[in-house]
Amino acid sequence: MVEILEEKKGKDGRPIFVIKKSDLLEFMRQKKQEGFDHLSLITGVDRKDYMEVNYHLYSFSKNQYIVVKVTTDNLTVPSLISLWKSADWEEREQYDMLGIRFDGHPDLKRMFLPESWVGHPLRKDYDLNNVQYINMDEYGEDYATFDPGDGW
Amino acid sequence: MKTGETGILTTTIDKALEWGRSNSLWPLTFGLACCAIEMMAVQGSHFDISRFGSEIFRNSPRQSDLMIVSGTVTKKMAPRLKRLYDEMPYPKYVIAMGVCVIQGGPYVKGYSVVLGVDRVVPVDVFVPGCPPTPDALTYGIMTLQKKIRGETDR
C-alpha cells in the first residue's frame, strides 16, 4: 500500500504528490497503469539537508500533468528505467548536476561534463572559486583540469 | 585613377587583394545560442549581408574565411571551436558577437562558460549587445572590411 505523505496543488494547477522513497516504484507503476504514460521531466533540488527529486508525468489520453516528489537523505533514489526508457538520460543528468545516484540504472555516468570533472555543479556547496577547465585529447575525448593553461 | 580619356586604373597587388578579400567574406555557419537568430536575420533578405559581399554562409570551415562566434561559448564547446578555427584556410577572421562571447555576459559567475572567446581564438571585431541587432552586426562586418583594407584608426 502506497502512503501519500502530502497532496497539494502547484501554482500551475498540477497535483503534487509527496511520497516516500521506498514507495516510488510501486506508485509510479500504479500511475502508469492509470494512464500517465509519458515521463516528461526529472529534476532534482538541493535543499541543503536533503535532496529532492521531482517527476513530471503526463497523460496523453487525459491531457493532464501530475508531479511526484520524493526526498532522499543518502543521495540514492530507485531508478525508473524499468518503467520509462526516457528516464535513462534524465537520471544521468541529475547524477551529473547533483550527484544523486539512481539504484538500478544500467549506465550511470555523467551526461554533460567529462568524467574527470570534480564535484557536482548545481549543488549548494559547490565551490565556484575553484575553476575547472575542459580540453579535448587527441582521441576526441574531453577531460577536465584545474590548470588554466591546459584548457578553456 | 582616371587620366584623360584612356581610363587607366592604377593600383598595387596588395590593394587589389585586400579589396577582393574584404568584399568576399564568406562566413561559417556557426550559431551557438540566441545571437545566431540575429545572425540569421543579417543573412535574410531584409538586412542582407550579400550587399557587402558576404554572399552565403558556408557549411564547411574549409570554404569560409570569417567565423562569427554568435552565442555563449561553453567550456565544452571551446575545443571544438578551436578545431573549427584551425580548419579554416588563411586569411581568416573572427567576429565576437554578443557579450557572452566577449567576456561571459550574464554567465560570468557560472561554472561552464568561457570568459571571452579571445582566450580561445584571436578576435578581430567585437560586437557588443545582448543580442546585438542585425544593424550592429552589419556594422561589425563593415568594420572588419575596413580593417582588412587597412582603413581603421586603430
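Two residues are taken to be in contact if their C-beta atoms, placed from the backbone, lie within 7 Å. The structure described here is a predicted model. By this criterion, eight residues of chain A are in contact with nine residues of chain B. On the chain A side, strand E8 (residues 133-136) gives the most, with four residues. By class, the residues of chain A that touch chain B comprise six nonpolar, one polar and one charged.

The domain assignment gives domain 1 (4-109) and domain 2 (113-152) of chain A. Taken over C-alpha atoms, the centres of domain 1 and domain 2 of chain A are separated by 28 Å. The two domains touch one another: seven residues of domain 1 of chain A are in contact with seven residues of domain 2 of chain A. Helix H2 (residues 87-98) of chain A gives the most to the domain 1 side of this contact, with three residues. That side of domain 1 of chain A has two nonpolar, one polar and four charged residues. On the side of chain A that touches chain B, one residue is charged.

Chain B was described next. Chain B contains five helices and three strands. Along the sequence, these elements of chain B follow the pattern α-α-β-α-β-α-β-α. The C-alpha atoms of chain B fill a box of roughly 65 × 30 × 30 Å along the principal axes. Chain B has 154 residues, of which 36% count as buried. Contacts in chain B between residues at least 6 apart in sequence were considered separately. Of these, 78% join residues at least 24 apart.

Tyr107(B) gives a local view of chain B. Tyr107(B) lies in the loop between helix H4 (99-103) and strand E3 (125-127) of chain B. A residue is buried if 20 or more other C-beta atoms lie within 10 Å of its own, and exposed if 12 or fewer do. Tyr107(B) has 16 other C-beta atoms within 10 Å, and is therefore partly exposed. Leaving aside residues up to four places away in sequence, Tyr107(B) touches Thr72(B), Cys100(B) and Val113(B).

Notes: Residues numbered from 1 in each chain as written. Chains lettered and ligands numbered in written order. Predicted model: local features only at pLDDT ≥ 70, side-chain atom pairs only at ≥ 80, totals over all residues. Domains from an automatic or database assignment. Helix = DSSP H or I, 4+ residues; strand = E, 2+ residues; numbered from the N terminus. Nonpolar A, V, L, I, M, F, W, Y, C, P; charged D, E, K, R; others polar.
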